[in-house]
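Colleague: I would like a close look at one residue, followed by an account of how the rest of the chain is put together.

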Amino acid sequence: MTGSLAIITVFCCAIFAALSGSGPATVAAIGGIMIPAMVDEKYEPGFAATIAATSGCLGPIIPPSIVFAVYGVSCSVSISDLFMAGFIPGLLLAFSLAVFSYIIAKRYNFGVKRQRQTVRQSLTATKNAIWALIAPMIILGGIYGGICTPTEAAVIACSYAFIVGLFIYREIRMGQLFEIFSRSALTAGTCLILLGGANAFGRILTLEQMPVHLYNFLTSVTESRIVVFLLVNLLLFTVGMFMETLAAVVILAPLLLTIVKEFGMSPLHFGVILTMNLTVGMCTPPVGVNLFIASGKAKCTLESMFKWLVPATAIMMVVVLFFTFCEPAITFFPQLLR
């Protein structure tokens, strides 16, 4: 079908999001495969890079999500509920990007017709991928089935990935283990230092009554719930353009949560909106990590992506605004689970 590879890229990113939980990792892994494939099929490199970069936003939204985990720890919100709440926003975001890909490919005649894959080829590909696809089932099934906590699910998933990578796929060698463990320890240590500093910073803001001052300022400007939510979205989107996502979460989340709760937004609802805004910001200059990764894979300039990036970002922000004012769409799955 028209735009098939672009649509495949979107939904591959959605599936990979359930493995990595990270936007840049999703862009690097899927973009590294799909961007060259799209360029070979006559997609414009800037468009191919844009689709991979924007689809990378699904990484922190579709569970399990690193950003949700950090937000849950910072604001004492159930990580399991956050994971479940991310399903519908993530899927709607993926569907919106797929429709956008189809329309653009149809209009500009991107892509060439390929021979339909046989049933045997499809079964072979599924068989080769089955061990990797079991990983998100272990994580999410264990958490939602009440078998283990998110922390225990992480340990089980890491152990499973280690065994599969070492003995089945054989992509990990014994000589690489020290480097793997060292990089993991460095990443975990960095996050813990960040969380420790952010908690201290949050304590200072509380002692200085910063939430009260900010609330008084907003209510002096407007008492409209709609206007306040729009201002919070604008602030988070702008912060996402300039600041690393996890740092923004641990610094801003406790402060802004105090404000939005006064206007009737639940911590669960705010966690999803916060994550969506910050991750969309990762696809915008000047510090759009996803953009730099995707442009490197496509060997194109950032300027060549702007033509496609502006409408794609606008579509994503429309989705964010929909969920901002439609809380039941976010809380439906967590309530169903209870």
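Is Lys299 buried or exposed, and what is its relative accessible area?

Modeller: Lys299 is exposed, because its relative accessible area is 76% (buried means under 20% relative accessible area, exposed over 50%, partly exposed in between, with a 1.4 Å probe and protein chains only). The model is a predicted one, in which local features need pLDDT of at least 70 and side-chain atom pairs count only at pLDDT 80 or more, while totals for chains, interfaces and linings use all residues. Residues are numbered from 1 along each chain as its sequence is written, and side-chain values use heavy atoms, with hydrogens and water left out.

Lys299 sits in the loop that joins helix H14 (289–298) to H15 (helices are DSSP runs of H or I with at least four residues, strands are runs of E with at least two, and both are numbered from the N terminus). The phi angle of Lys299 is near 55°, a positive value in a residue other than glycine. Arg170 also has a phi near 55°, again positive and again in a residue other than glycine. Arg170 lies in the loop between helix H8 (150–168) and helix H9 (177–207), and with a relative accessible area of 65% it is exposed.

As for the chain as a whole, the protein has 16 helices and zero strands. Its 338 residues would give a compact globule a radius of gyration near 20 Å, and the value of 21 Å agrees with that (taken over C-alpha atoms, the rule being 2.2 Å times the number of residues to the power 0.38). The C-alpha trace spans about 60 × 50 × 35 Å along its principal axes. Of the 338 residues, 46% count as buried. Among contacts between residues at least 6 apart in sequence, 79% join residues at least 24 apart (contact means heavy atoms within 4.5 Å).

Apart from neighbours within four places in sequence, Val249 is in contact with Val67, Val70, Tyr71, Pro254, Leu274 and Leu278.

The loop between H12 and helix H13 (267–281) holds Gly264, which is partly exposed at a relative accessible area of 49%. With neighbours within four places in sequence set aside, Gly264 contacts Arg225 and Glu327.

In helix H13 lies Val272, buried with a relative accessible area of 0%. Val272 touches Phe68, Ala85, Pro89 and Ile330, residues up to four places away in sequence not being counted. Val272 and Phe323 are 51 residues apart in sequence and 8.7 Å apart in space, C-alpha to C-alpha.

Ile330 is also among the buried residues of helix H16 (residues 328–337), together with Ala329, Thr331 and Pro334. These buried residues pack against helix H5 (79–85), helix H6 (87–108), H13 and helix H15 (306–324). Asp81 is in helix H5 and counts as buried, at 13% relative accessibility. Beyond its neighbours within four places in sequence, Asp81 is in contact with Leu268, Pro334 and Arg338.
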